[in-house]
Amino acid sequence: MPVHMFGLQDYFQPTAVGTVSHSTGLLAKSLLNTFPLDEGGNPNGQMNFDENLCRYQISFGGSPANATVPIYANSYTPYRITINNGLTVFGCSSLNNCTCSPFANTTDCMQTIGCPHLASGLTPWNSTAAWSTQIVPTGTEASITVAPNQNVLIQNISFASSTVFGQIVIPESSSLIFADEPITFKTRGITVYGRLQAGAPTCRLLNYVSIVLYGKKTDQPLPTDPSVKGIYVTGNGQLDLHSQVFAPTWTRLATHAVPGATYIIVQDLVNWDVNQTIVITTTALKDSRDYSENDIVSIAWIEAAPHLGSNVCIIGLNSPLRFFHYGGTEYQAEVGLLSRRLGVRGSPDSDLTTTQASCKDAASFSSYPCGAPTGFGGHILINGTGVGRVTSAELAYMGKFWLLCT
């Protein structure tokens, strides 16, 4: 069985075992590659750098099993690898943004420069000092306001994940900050005069964080209030959303993919996560709402396939493909990563497609929904001198048909 790791592919093959140091332009530092682990009853493991493949190899004390970790030279993405026995090895693809040597058994090796959730003096969400009313919100309030001069930390123990909070206002002197923990945060909208922060450009969150926006079209007079079912950054407000970067986010099939298959072969090494969602695009002549051969599936496992090519990998699927996807020499179906670890989403009732695609254009093969669409999803709006910085975030169930936020 492959060793499933966080955001990295792996494969197994025999390799020489030994302590190796190196100095290359990529990492520009010699490493002591031996670290303790107990895999298959053997207490020692080695980590070797292959300068030709630009990869680390982790061997398990003489065992023929090895995990190969790709290193992306132009990325500053931190990552972590969990071996079968629970040992976690941390690393970073550039020493410029790491606070210690690339691999060590400590969270200090993660990219932690300027992390808002690690700042001192943060006020917990469930503290009365965090709120202008001096009352911790319960989800029954129509609106809540962060107290002035407070930097409020949201953690996964702050509230039940089923709670839907009302409108949230962040004053100019205050911040609302997400911890790097698995968090589902539901609200009817956020107005940001201060700062809304989930990570930073130099501190990407590694856990899955989801901001879910609730609301209906009838919740306000038209034109739409920009704070309803949205994140509205205005004045001197700042929005920062930053999570693990996946690379590349698009690749192509390396060979045909057939109906019923539970794996695909792609042309690039990818650092995608198990259980993330991908799309294999149609290669049929027609693609429309009522004739779609796009397969949307989730990842079961990923393995490098060096016997097929130095950059080829195999992606296992949690469900079989429904359609044929061409992967010949002249063109190939594209494969895209849909999921990210940080997401902003409209609520499940956003209903972005409300009519059947039954109307057809007699002059072509095209079809389209009958009647005006009435979906009402979430949105992010940066207004005036507001600032928004977003890295590797997933937006889903977003947009409001026929409505303009002003």
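I shall go through the chain as a whole, then its strands, its cores and a few backbone details.

This is a predicted model, in which local features need pLDDT of at least 70, side-chain atom pairs count only at pLDDT 80 or more, and totals for chains, interfaces and linings use all residues. Residues are numbered from 1 along each chain as its sequence is written, and side-chain values use heavy atoms, with hydrogens and water left out.

Let me start with the whole chain. The protein chain has 0 helices and 30 strands; these are DSSP runs numbered from the N terminus, with H or I of at least four residues for helices and E of at least two for strands. Of its 406 residues, 49% count as buried, where buried means under 20% relative accessible area, exposed over 50% and partly exposed in between, with a 1.4 Å probe and protein chains only. Among contacts between residues at least 6 apart in sequence, 63% join residues at least 24 apart; a contact means heavy atoms within 4.5 Å.

Now to the sheets. An open sheet with parallel pairing is formed by 6 strands in the order β7-β9-β12-β15-β18-β29. Its edges are β7 (123-124) and β29 (387-391), each with a single partner strand, so one side of each is left without a neighbour in the sheet. Pairing here requires that DSSP finds at least two bridges between two strands.

Which strand is largely enclosed by the rest of the structure? It is β23 (residues 313-317), because 5 of its 5 residues are buried. Cys313, Ile315 and Leu317 point one way, Ile314 and Gly316 the other, and all are buried. Strand β20 (residues 263-266) is joined to β23 by 4 bridges in an antiparallel arrangement, with Ile265 opposite Ile314. Strand β22 (residues 295-304) also pairs with β23 in the antiparallel sense, over 5 bridges, and there Ala304 faces Cys313.

A contrasting case is β30 (residues 393-396): Glu394 and Ala396 form its covered face, whereas Ala393 and Leu395 form the uncovered one. This strand runs parallel to β25 (residues 342-346), joined to it by 4 bridges, and Leu342 has Ala393 as its bridge partner.

I turn to the cores. A nonpolar core is a set of buried Ala, Val, Leu, Ile, Met, Phe, Trp, Tyr and Cys residues joined through side-chain atoms within 4.5 Å. The largest has 32 residues, of which Trp125, Ile168, Phe178, Phe185, Leu196 and Ile231 touch the most other members. Beyond its neighbours within four places in sequence, Phe178 contacts residues including His117, Leu153, Phe185, Leu196 and Val209. A second, separate core of 22 residues includes Ile280, Val297, Ile302 and Leu337.

Finally, the backbone. Most residues other than glycine have a negative phi, and most peptide bonds are trans. Yet Ala247 and Pro248 are joined by a cis peptide bond, with omega about -15 degrees, and Pro248 sits in the loop between β18 (238-242) and β19 (250-252). Phi is positive at Gln134, near 60 degrees, and at Lys229, near 50 degrees. Are these two residues buried or exposed? Gln134 counts as partly exposed at 47% relative accessibility, while Lys229 is buried, with a relative accessible area of 0%.
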